[in-house]
Amino acid sequence: MDFTLSEEQQAIADLAARIFEDQATPARVKEIEGGTDRFDRALWSKLAEANLLGIALPDDAGGSGYGIVELCLLLEQQGRRVAPVPLLPTLAMGALPIAELGTPEQRARWLPGVVEGHTILTAALADVGSGTLGPGVAATPDGAAWRLDGTAMSVPAAHLAARVLVPARLPGGGLGAFLVDPAGPGVARQLAQTTDRGIAAHLSFAGAPVGPEDVLGSPDRGDSTVGWVLDRAVAALCALQVGVAEEALRMAAEYTSGRHQFGRPLATFQGAALRAADAYIDTEAMRATMWQAAWRLARGIDATDAVAVAKWWAADGGHRVVHTTQHLHGGLGADVDYPIHRYFLWGKQIEVTLGGASQQLARLGRQIAAANR
């Protein structure tokens, strides 16, 4: 495997880096965190103008026709600036599944709005992130339509989204995937602030009607549909964590190189250097495993194990990196107004989203045991 970026991929990464660096300054991010919906609409418009919101969507929807690898490049740059925009839920959890699994009508209805920046999408994947595929929502047939009952916890950007992709248990076993209006009849939203100062919603469904036009994929292939969505969402989440870790480490290196004690830069002390070196190794391991998972997904190769390994590194290694970089900042690391603290919060949020390190190890263990029966 050669993970060297092509000329086009490098151009995408450079363009995204410039936009995030110009728009998502620490002062701007702090301003958005003080708002009600925690969504930088100006930055979102800039990403749409550059056609980065359509980077992984097909040409016939107005996108650029690239895929999960290029989406990961975009998310890595978002992570570096901890920018408050719903790229992960809209593109990885919502638009990619509709582009791959949706009907022509679903693609025509939702994807152009995503590319233009008018439509936010998301998915209720927290309950299936452990790999158990056990959603808290059940679907019941109602003629040609369906009704949903149950709860879905911690749905990102559900207060902004036009549709939520909801996995639900079917009466005969298995899973279905449904596109649900979070403001529609039979759906209640309870907003909550997340660790990274974002907004998520707990959704309650009480006989929420879903028409046949809002069923994603075939109900008799629901397990594979949800697995397809989850693998790409996890790989994209890992890319976000790589960006958070590499920028937090860069900031720690800059700080310890400029701060002096006993006439020497802090970075020259063995204790500081060893911790920074370990954080660098963790970051590179996170990067390598993330690209392995994205590369396999992009080529249609089974990536179940690779995705679980990447998520374990993003959770476990990411945890160590954000702790180390905060510690290396000394007292400033505990200042909630200082930028490094925001990276700590994002790292912790990503660590537990869609399954923490222990859940990923359990998932890998089940897969290894199943393969050796």
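How many bridges pair strand β3 (residues 145-156) with β7, and in which sense? Strand β3 and β7 pair in the antiparallel sense over nine bridges.

## Model and conventions

This is a predicted model, in which local features need pLDDT of at least 70 and side-chain atom pairs count only at pLDDT 80 or more, while totals for chains, interfaces and linings use all residues. Residues are numbered from 1 along each chain as its sequence is written, and side-chain values use heavy atoms, with hydrogens and water left out.

Helices (H or I, at least four residues) and strands (E, at least two) are DSSP runs, numbered from the N terminus. Two strands pair if DSSP finds at least two bridges between them.

β6 and β7 form a hairpin with five residues between them. In the turn, R197 has a positive phi of about 70°.

A201 lies in strand β7 and has a partner on either strand: V155 has A201 as its bridge partner in β7, and L191 stands opposite A201. The relative accessible area of A201 is 0%, so the residue is buried (under 20% relative accessible area; exposed is over 50% and partly exposed in between, with a 1.4 Å probe and protein chains only). Leaving aside neighbours within four places in sequence, A201 is in contact (heavy atoms within 4.5 Å) with A152, M153, S154, V155, A158, Q190 and L191. A152 is 49 residues from A201 along the chain, and their C-alpha atoms are separated by 8.5 Å.

## Packing of α4 against α8

Two packed helices are described by the angle between their axes and the distance between the axes. For helix α4 (residues 68-81) and helix α8 (residues 270-298), the axes come within 8 Å and cross at roughly 150°. Axes here are lines fitted to C-alpha atoms, for helices over the stretch in contact, and angles run from 0 to 180 degrees between N-to-C directions.

On the α4 side, the contact is made by I68, V69, C72, L73 and E76. The α8 side contributes R287, M290, W291, A294, W295, L297 and A298. By class, the contact has ten nonpolar, no polar and two charged residues. In this scheme Ala, Val, Leu, Ile, Met, Phe, Trp, Tyr, Cys and Pro count as nonpolar, Asp, Glu, Lys and Arg as charged, and the others, Gly among them, as polar.

## Cysteines

The structure holds zero disulfides (a disulfide is a pair of cysteine sulfur atoms within 2.5 Å). C72 is in no disulfide, and the nearest cysteine sulfur is that of C238. C72 is buried at a relative accessible area of 0%, and C238 is buried at 1%.

## Aromatic pairs

Rings of Phe, Tyr and Trp (its six-membered ring) pair if their centres lie within 6.5 Å; planes under 30 degrees apart count as stacked, over 60 as edge-to-face and the rest as tilted. By this rule the count comes to four aromatic pairs. One of them is W312 with W313: the ring centres are 5.3 Å apart and the planes stand at 75°, so the pair is edge-to-face. W313 is partly exposed, with a relative accessible area of 21%.

T225 has its place in helix α7 (residues 222-258) and counts as buried at 5% relative accessibility. Apart from neighbours within four places in sequence, T225 is in contact with L101, A177 and L216.

Helix α10 (residues 339-352) is mostly covered, with eleven of its 14 residues buried. Among them are H341, R342 and E351.

V82 has a phi near 40°, a positive value in a residue other than glycine. V82 is found in the loop between α4 and α5 (87-101) and counts as buried at 3% relative accessibility.

L354 follows α10 and is found in the loop between α10 and α11 (357-371). Phi of L354 is positive, near 60°, and L354 is buried, with a relative accessible area of 5%.
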